[in-house]
Amino acid sequence: MRQVVYDTETIVNCFTCCCIDVSTNVIRRFVICAWRNDYEEFLDYLEDISVLIGFNNIGFDWAVIADFVQNPDKYRRMRGYTLAKAIYKRSQEVIEEAKDRTPGKKKKWVEMTIPQLGLVS
């Protein structure tokens, strides 16, 4: 099992994830966009990870990608551009949820099927 430090970036037509294995220092980059779709490779890479480590990853990165990781059958047939747009849409929902300071309103809980270590969350 591997411990991996990761970070994601989301823009309207592109998703990237950069990962570094803590024990081997091997860096992997995954891109989902119109001209490249590393979705399957990304899912395969995540299979034997024991913990994902990141900066604000619990509050943002994992909250954005969790559904895409946990429910691949919903997304496997999407083309890269369409999938990148769906990930971007989810990122905007996460940002809006974080802005909502309504008293008594609980944040939506995202199940952590891969344990997360957040440096800030």
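Which residues of α2 are buried? The legends below take up this question first, for a model that is predicted.

**View 1. Helix α2 and its kink at Ala63.** Helix α2 runs over residues 57-70 and has 14 residues, yet its end C-alpha atoms are only 16 Å apart, which falls short of the 20 Å that a straight helix would reach at 1.5 Å a residue. The helix has a kink of about 40°, and this kink is centred on Ala63, a residue that is itself among the buried ones of α2.

**View 2. The buried residues of α2 and the elements they pack against.** The buried residues in α2 are Asn57, Phe60, Asp61, Trp62, Ala63, Val64, Ile65, Ala66, Phe68 and Val69. Because ten of the 14 residues of α2 are buried, the helix is largely enclosed by the rest of the structure. The packing partners of these buried residues include the strands β1 (2-11), β2 (14-21), β4 (49-54) and β5 (116-118), and the helices α1 (39-46) and α3 (80-99) are also among them.

View 3. The structure holds zero disulfides. Cys14 counts as buried, because its relative accessibility is 14%. With a relative accessible area of 36%, Cys18 is partly exposed.

**View 4. The aromatic pair of Phe30 and Tyr45.** The count of aromatic pairs in the model comes to four. In one of them, Phe30 and Tyr45 lie 5.2 Å apart, centre to centre, with 50° between the planes, so the pair is classed as tilted. This pair links distant parts of the chain, since Phe30 belongs to strand β3 (residues 27-33) and Tyr45 to helix α1, with the two residues 15 residues apart. Phe30 and Tyr45 are both buried.

**View 5. The aromatic cluster and the charge over Tyr45.**

Note on methods: Residues are numbered from 1 along each chain as its sequence is written. This is a predicted model: local features need pLDDT of at least 70, side-chain atom pairs count only at pLDDT 80 or more; totals for chains, interfaces and linings use all residues. Side-chain values use heavy atoms; hydrogens and water are left out. Helices (H or I, at least four residues) and strands (E, at least two) are DSSP runs, numbered from the N terminus. The expected span of a helix is 1.5 Å times one less than its number of residues. The bend at a residue is the angle between axes fitted to the seven residues ending there and the seven starting there. Buried means under 20% relative accessible area, exposed over 50%, partly exposed in between (1.4 Å probe, protein chains only). Contact means heavy atoms within 4.5 Å. A disulfide is a pair of cysteine sulfur atoms within 2.5 Å. Rings of Phe, Tyr and Trp (its six-membered ring) pair if their centres lie within 6.5 Å; planes under 30 degrees apart count as stacked, over 60 as edge-to-face and the rest as tilted. A charge sits over a ring if NZ of Lys or CZ of Arg is within 6 Å of the ring centre and within 35 degrees of the ring normal.
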